[in-house]
Structures are given as structure tokens and as C-alpha cells.
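I opened the model to look up a few local features and write them down.

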Amino acid sequence: MKLESKITALKGIGEKRGKKFAELEIENIGDLLNYYPRDYEDQSNFKLLYEADIEEKATFIVKVLSVLEDRRIKRNLSITSFLIEDNSGTGKMSFFNMRYIKNQIKIGEAYLISGKVTKFKGQVQLTNPSFKILSEKNKFGKIYPIYPLKKDISNNEIIKAVEQVVDLKLFEENLPAQLIRKYDLMDKNESIKNIHIPKNKRSLIKARQRLVFEELFFFQLTLFTLRNKDIEMEVKPYKLESEIYNFINNLSFKLTSGQSKVVEEIFKDMTSGKRMNRLLQGDVGSGKTIIAIVAMYLTFLNGFQSTIMVPTEILARQHLENFRNILEPLGVKVELLVGSTSVKNKNRILTGIYNGEIDILIGTHALIEENVEFHNLGLNVTDEQHRFGVRQRQSLNVKEKSAHTLVMTATPIPRTLALVLYGDLDISTIDTMPPNRQKIDTIAINETMLDRALVFIKNEVKKGRQAYVICPLIEESEHFELDSATEVYEYLKENQFSDLNIALLHGKMSNDEKNEVMEKYSEGEIDVIVSTTVVEVGVNVPNATVILIYNAERFGLAQLHQLRGRVGRSSHKSYCILYNTSQSKISWERMKVMTDSTDGFYIANKDLELRGSGDILGVKQSGINTLKISQFPRDLNILKYAQSEAQNIFKNKDSLEEEEKLKLKKHILGNLKIDVSILN
Ligand SMILES: Nc1ncnc2c1ncn2[C@@H]1O[C@H](COP(=O)(O)OP(=O)(O)OP(=O)(O)O)[C@@H](O)[C@H]1O
């Protein structure tokens, strides 16, 4: 068995199951072992029934003795309860409105149950506890791994697969021996084993520390390497003539001080004779697009082509219109290349790009995937909006090594994290908003206020404004009670919004359908769009003034902030209504962060505190495994060490043994897949 062996080489996994594993991006044994649990259940921490206190949330290992009750109490209420027992005595667990539970819980079996304790006549009672059968007891020490799952694949199935290979010591040590000694790190195979099947708490902590260190160390090393290469790149310095300043002065608005500062930073880079490699951060609606336009016009004036890549076709089309309005009167030829571009048009555009007739190319990923050959590319702007990762960014750059790079992101990232993720870039920040923007009033509501919110939206529409209603995406594994866009759309169309022009927008629609809806919405022919998060990134319809977000608790704060940014893009007063269907305290705390502030940086920091880094970076949404195990701020300290060690190694690379060098090289870009020669 090797890391590269197919997952179907394992017992119990045939072609069909193999496909299910592939949906989790587990294709081979290496993927499986790198598929870390998202959580653990510490079965060593269970209580005895008679030790538990009232109101305490506790876990018990019990045997189910019998069904005590299974009946309807009144019209909308039924109860099913069981007698349970452990070594300390008996208790009762009850479930309301879950009569099917009787078929799931087996009398005589042992279960791990958790819930809040109440007592009746001294006997412990649990209401709607979570429960899991305990047949796997003791197999895993006492700490049981819980994997991120999708429908049709169970935790046990993953455990069974992992068990078959976890002892085979398939990994080679990839960290330099001196670092392992210095920080007393667990060795690679041992940590892989313990991250899946921890011997005890201490070994789990050690395993995690090592894997986090490894991840951050290689990530940093990669960034240093990329950065170093870029800095060395000499290019022809651009000239700054009066034309570019005339252009800026003749715009329909005056740049804010934040925008002007960033423009100067970019001009300085582009005239320096070194390749620009810059990240432009700016809060939602702060006006990043015009910065890109200025940089691209300067590129044009210097006789070069430029491109801007965006995450969605909707956004690409929006840019096309905007760019053409501003730049075509000045003789700049702007074209669009996206997935739905017809073959005939595509050929025409590719030829135009190749022979230099086209000055600016706007596009989606298609730009990267297609073999676009430029006449003389001078600037490559990536409107990242947190959807792209280092991987895509690099694959375009590799093709056009000498082009300046400007990456724009609307996800404000706390500085420490920006350094982790974008250590290969210089950072500019727009810290002002365009004038005359009114604060977006934000409220969080529960179900009882939903009707009033809908009436409010209707009134806005009557005033001539437009609205978004956003619903979360339903991942297969998620709860069925989530409102899906289609259902909400159907419902609103039949009921409250029956006399409005309402349309549905979601990712499964074809590009043409999506474009048509967006176009009509932009032109004001549609009053309300019910949408999944397709509109999250960068959509600019200034007449839209209300956004209602269903299941707001399902979104990360940074994402809610992005969504909220779809309104408040003009001088009309705008509103954001967060419909929170969860009772949990933390979800109301998160809503409070949103209602208290419209400052993206503040929100990003809070998000980080409340949810961890995985979500804020949009890693989940993008599917890019930039960071698999590290979390911030939890691992900031490890980051500090990993960063300084990576720097050390990088600086002293000449003194490394050839073998050590090769080893590092191999791992450095393990998941980035970019072709640069490292450490040479
Ligand atoms: N200095 C300015 N004065 C007035 N309006 C401006 C200014 N800069 C930009 N705008 C306008 O503000 C709106 C938002 O700008 P833009 O779409 O560039 O924001 P953004 O930073 O890209 O936001 P998002 O992150 O949401 O995409 C646009 O309608 C734009 O024309």
C-alpha cells in the first residue's frame, strides 16, 4: 500500500463507494490520511447518571432498558421516553415529536448520550439528548474522531477505512530533523495516527501541534519563495504622463483620499522598473473597481494590454459595461471572455488578444483555463473577492511572468492573517468610503417578525426601490429545514409578493439564464430577486436598498457583511434584515456584531474570534485547501515560530544538505501545484 494507491484498494470500498469518497475529495490513501477529523468526542469524559447536576450539560454511557411512554399528549405534541441505566442507577430520556425514534433506539444496546440534565424526584432526566450507539466502544481509546461528512457516507465508514492504513507509516518525514528536535515535535506518521485515532488527549494535542506547524511552515516557505522570485523580476518602467491625471480629474466623481493614496502606491510600483505584486484590500463598496480601471488605463497608455479576472460571469458582465462606458471613448478596446462566449466570438477575441487589437480583456476562470496568448500583457488584475487562492493566482502569472499583478479583495482580513495568506504580496488598503453613503440600518429578526419584514420590503418597492432575498445553499448533508431559494421564491410569489416582479437566481441555472435575470434586475424590470449567494460578490445595483437574509445564522460574518454590501451603494437609505432561525446564544451574539457595526475590519476580527479562520477565508466555499488544520487566532503562536523558521531556512538555504533541499522542495508546493524552481 502506498499513499498514491487508490482508495478502492481498501477492504469494503468498491467502485461505487469509491465515488462517494471522491465526493469528499478522497481519491487515494494519502487523501484519506490527510482528511482530518473536524472534531472529537471525548468518551473518557462521561459522567455517571447520579453524579450529574441539574442544568449541567453532560455525556453519559447508558444502556437502554425499555420504552416507558410512546403517545400523543395533545394535538401537536407527542412524547417517546425510555428507561436508561448505568452503573450508578437508572434515569429517563425523553423525545418530543420524534416518534420515529422508537425505531432507531434499540432496547438492550449501549449508547453515548449528551444533553442537559433535569431531575424529577431525584432521578436524572434528559430531554431530546443527542445519542450515538456505542458498539465501537473502546476501539479508539476513548477519543472518537468525527469527520466532516456528506450524505451517503458515514463516520464509521471513514473510520473503518482509516483504520486499515493508519499504522502503515506511509509518510516520509518532511520537516528538517533540527526543527523536530528544537520544538520536540511528534514525528509525521505518529501525528497522522494520533490525529485520527488519538491515544489520549495529550497525544492528540501533540499531533495537532505538529501538523499545524508543518502546514504553516511549508506555507510560509512557499510564500517566501514566490515573493523572492517576484521581487527579482525586472520590467520596463511605466511612464506617468499628464494624460493619466487628466483621466482621473475627469471622472464622474472625485477619488476619495483612500483611493488616491492607493493609486499613488500603484503608480510608484509601476514606474519602479520592478514587477508590481500588490494586494488591494477595501471594504465592500469602497470603490476598488475604479482603481483597477486607472491602473489598466495607465497600462494602456504605456502600450500594454491588461486583464481582469473575476469569480463570476455576472460580475464579468457588470465590469464590461462599466469599463466600456469609461474607457471606450478614450479609444481603449475592451472585450469579455467567459464560459458562455460562443466559439466564433472566442476565436475572434483570442486573435485580437494575440495580435494586440484588444487592449483589455475581462473574464472568469475561463481566462486561466483557456490558452490565452497575449500580444504584450502588462497588468493582470485578479478581483479575488476571496474566491481564488494562491494556486489560481500563480497559474496565470506563470504564463505571463513579467506582468504586474494586482489582487483585489473585498474580504477585509486582519493584518496577521493577511500576512499568512498574502505574504507574497505588498498590501494597500482603501480606508475611506465614497461620500454621501448612509449607514445601512441592520436588524436581526426571528420568525415572529418575518411578515412585518416582508411588508417593509413591499413598501420599499412601492417607493421605486429594489430588494434581494438571500437563502443559504443547501449542502446535501445539511438539515432539511433550511429554506431553499426555490421554496422561498415559490412561496413569496404565491403569497406576500404576488403583485411584485420577482425572480429566482441560483448557481444551478445556466449562465444565460443568470445573465438575463441580472440584466433585468439592473434595468429595474425586476423588483425582488430571491437568490442564493451568487450575488454575494461585487454585484452593483445601486437602486437596491433592502436585503433580507434567510437563515442568517448559517453564514459567516464576513459573508453576511459581503451580502449586506449589495445595498447601500447609492445615496438612498438602505436596510439589511437578518432572519435568524436559531435560538442559540452564539448566533444572536453574531447577529449583534452585524447590527452594531458596518466596519468590515471590525466584523472580520469578530468573525475570527467567534468562528475561527476556516470560514473567514472562505476556504470552505472555495474548496481550496489553503489551510487544512491551522486555525486563527488559535494558532497564531505556532505561526510565529513557523514563520521565523521558514525565514531562517530560506535565508540559509545554501547551507542545507542536497537531500534536505530536495525533500523540502517536494513538499513545499505539495498542494499549490505551481511550476517554479524552489530553493535554487
Ligand atoms: N470616489 C467615489 N465617489 C463616489 N462614488 C464612488 C467613488 N468610488 C466608487 N464609487 C461608486 O461606488 C460604487 C461601488 O464601487 P465599486 O463597485 O468599485 O465597489 P467595490 O469596492 O468593488 O465593492 P465590492 O467589494 O462590493 O465589489 C460604484 O457605484 C462606484 O461607481
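The entries below go from the whole chain to single elements.

Entry 1, the chain. I note that this is a predicted model. I counted 25 helices and 21 strands in the chain. The chain has 680 residues, and buried residues make up 42% of them. I then looked at contacts between residues at least 6 apart in sequence, and 71% of these join residues at least 24 apart.

Entry 2, strand 9. I asked how many residues of strand 9, residues 277-282, are buried. The count is 6 of the 6, so strand 9 is largely enclosed by the rest of the structure. I recall that side chains in a regular strand alternate between the two faces of the sheet. Here N277, L279 and Q281 point one way, while R278, L280 and G282 point the other way. Residues on both sides are buried.

I next looked up the pairing of strand 9. Strand 14, residues 404-409, pairs with strand 9 in the parallel sense over 5 bridges. In that pairing I found T405 of strand 14 as the bridge partner of N277. Strand 15, residues 426-430, also pairs with strand 9 in the parallel sense, over 5 bridges. On the strand 15 side, D426 stands opposite R278.

For helix 8 (residues 242-249) and helix 10 (residues 289-301), the axes come within 10 Å and cross at roughly 150 degrees. The cut-off for roughly antiparallel is over 145 degrees, and helix 8 and helix 10 are therefore roughly antiparallel to each other. I logged the crossing as right-handed. Helix 8 makes the contact with E243, I244, F247 and I248, and helix 10 with V294, Y297, L298 and L301. I sorted the residues of this contact into 7 nonpolar, no polar and 1 charged.

I located S630 in the loop between helix 23 (619-622) and helix 24 (636-651). Is S630 buried or exposed? I found 24 other C-beta atoms within 10 Å of S630. Buried requires 20 or more, so S630 is buried. Which residues does S630 touch, leaving out those up to four places away in sequence? They are V212, E215, L216 and D635. I also checked F213, which lies 417 residues from S630 along the chain. The C-alpha atoms of S630 and F213 are separated by 8.3 Å.

Technical notes. Residues are numbered from 1 along each chain as its sequence is written. This is a predicted model: local features need pLDDT of at least 70, side-chain atom pairs count only at pLDDT 80 or more; totals for chains, interfaces and linings use all residues. Axes are lines fitted to C-alpha atoms, for helices over the stretch in contact, and angles run from 0 to 180 degrees between N-to-C directions. Helices (H or I, at least four residues) and strands (E, at least two) are DSSP runs, numbered from the N terminus. Angles under 35 degrees count as roughly parallel, over 145 as roughly antiparallel, 65 to 115 as roughly perpendicular and the rest as oblique. A crossing is left-handed if the near helix is turned anticlockwise from the far one by less than a right angle, and right-handed if clockwise. Two residues are in contact if their C-beta atoms, placed from the backbone, lie within 7 Å. Ala, Val, Leu, Ile, Met, Phe, Trp, Tyr, Cys and Pro count as nonpolar, Asp, Glu, Lys and Arg as charged, and the others, Gly among them, as polar. A residue is buried if 20 or more other C-beta atoms lie within 10 Å of its own, exposed if 12 or fewer, and partly exposed in between; C-beta atoms are placed from the backbone. Two strands pair if DSSP finds at least two bridges between them.
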